[in-house]
Amino acid sequence: MMRFLLGLSLLAACSSNHATGPASAGPDAGPGGNGGGGDSGTVIGDAAVGPVDAVDAAPDAYVDRGVEQDYDDLATTLAGAMRAQEVLAMQDGVNAAYNGGTLPNFTSPQAGELTGQRGSVSYDYMFHCEDQAAHDNFTCGPASNHIHWMATINGPVMIDALSFSEFKLTTKWTIYEIYLNKPQVEGYDHLLLDSNLSTDGTRFQLTVDGNPFGHVRLDPQPTLPFQGDVTYAISAKRTRATANPTVRTYTVAATVTYTGPGAATLVLDGTHTYDIDMSTGAVTRM
């Protein structure tokens, strides 16, 4: 009987040793994690050296650093695109609504169209206003009910650490409540971007659809947006020589909420939150 009990004890110990192994890597750890980007499943960062049980591992021991960098770089790139042209197009629409359908240094090839050039970027705005009696016109003015503002913006852009070799923005916006001196942008836009981030050599080729614009508010004499939100659907191709894999293709859901003049919060995939200062271009993970 003693030999039988001893045998059972040894068998249990052997089974326990076989069951104990490296802690399972999280969903972002392997090359296929979160769309296939980032590092291998090796324990990295501040994980303990030597055998580690899952309960003893640091909370971020299995975070895929490559994927985290992709989130941070995308936040910087999207904020730069918004700051470079998207906000400017909103400001132009508000100004045109209050200034009789005109913009400084822009020409009007035909009624309801404004064209201009700023540096390397060309602008073509199509518009018409509607008064409170629902009559369409092209003169606009402070008594207008709203302005339909359709932009086509194209040209290379450089801002902060970003170089956009391709920057195309098209919009279909309606700016309401002109006569109330509370202009607010609604509608949708579309961006095609090819960018390079000088800080780490990341290249993004992005298709960005902003839909909807939810009551994005500006002052009658535009400052930066100070209220409202925008939802973006992003298709991304990321290239970075130091990443594994070097090229990664994936999608991201983004929401921007304006919280004050020059202040906004960006949330990517519901998990990564950033503070954006539109005045300085600073992007900080929260």
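This briefing describes the overall make-up of a protein model and then some of its individual elements and residues. The model is a predicted one, and its fold comprises two helices and 13 strands. Of the 286 residues in the protein, 41% are buried, and the accessible surface amounts to about 13,800 Å², with carbon and sulfur atoms supplying 56% of that area. Among the contacts in the protein with a separation of 6 or more, 54% are between residues 24 or more positions apart.

**Helix α2**

- Since 27 of the 34 residues of α2 are buried, the helix is largely enclosed by the rest of the structure.
- After α2 comes Gly100, a residue with a positive phi near 70 degrees.

**The largest nonpolar core**

- The largest nonpolar core holds 63 residues, and the members that touch the most other members are Tyr125, Trp149, Tyr232, Ile234 and Tyr258.
- Helix α2 provides the largest share of this core, with 16 residues.
- In soluble globular proteins, nonpolar side chains tend to be buried together.

**Glu86, a buried acidic residue in α2**

- Glu86 belongs to helix α2, and because its relative accessibility is 1%, below the 20% under which a residue is called buried, Glu86 counts as buried.
- The side chain of Glu86 forms a polar contact of 2.7 Å with the side chain of Tyr232, and Tyr232 is also one of the residues that touch the most other members of the largest nonpolar core.
- Apart from neighbours within four places in sequence, the contacts of Glu86 are Ala81, Leu169, Trp173, Asp189, Leu191, Phe213, Tyr232 and Tyr258.
- Glu86 and His190 are separated by 104 residues in sequence, while their C-alpha atoms are 9.9 Å apart in space.

**His272 in strand β12**

- His272 lies in strand β12, which runs over residues 272-277, and with a relative accessible area of 10% it is buried.
- A polar contact of 3.1 Å links the side chain of His272 to that of Glu68.
- When residues up to four places away in sequence are set aside, His272 touches Glu68, Tyr71, Leu266, Val267 and Arg285.

**Thr257 in strand β10**

- Thr257 is located in strand β10, where its relative accessible area of 33% makes it partly exposed.
- Although Thr257 and Val230 are 27 residues apart along the chain, their C-alpha atoms are separated by 6.6 Å.
- Not counting residues up to four places away in sequence, Thr257 touches Gly228, Asp229, Ala263, Ala264 and Thr265.

**Backbone features to inspect**

- Most residues other than glycine have a negative phi, and most peptide bonds are trans.
- The peptide bond from Asn211 to Pro212 is cis, with an omega near 5 degrees, and Pro212 is placed within strand β8, residues 202-217.
- Asn244 and Pro245 are likewise joined by a cis peptide bond, with omega at about 5 degrees, but Pro245 sits in the loop between β9 (227-239) and β10 (247-260).
- Asp160 has a positive phi, near 55 degrees, although it is a residue other than glycine; Asp160 occupies the loop between β5 (157-159) and β6 (162-176), and its relative accessible area of 53% makes it exposed.
- Asn181, which is not a glycine either, has a positive phi of about 60 degrees; Asn181 is in the loop between β6 and β7 (184-197), and at 45% relative accessibility it counts as partly exposed.

Notes. Residues are numbered from 1 along each chain as its sequence is written. This is a predicted model: local features need pLDDT of at least 70, side-chain atom pairs count only at pLDDT 80 or more; totals for chains, interfaces and linings use all residues. Side-chain values use heavy atoms; hydrogens and water are left out. Helices (H or I, at least four residues) and strands (E, at least two) are DSSP runs, numbered from the N terminus. Buried means under 20% relative accessible area, exposed over 50%, partly exposed in between (1.4 Å probe, protein chains only). A polar contact is a pair of N or O atoms within 3.5 Å; within protein, one must be able to donate a hydrogen and the other to accept it, and residues adjacent in sequence count only if both atoms are side-chain atoms. Contact means heavy atoms within 4.5 Å. Accessible areas come from the Shrake-Rupley method with a 1.4 Å probe; for residues, only the protein chains shown count as cover. A nonpolar core is a set of buried Ala, Val, Leu, Ile, Met, Phe, Trp, Tyr and Cys residues joined through side-chain atoms within 4.5 Å.
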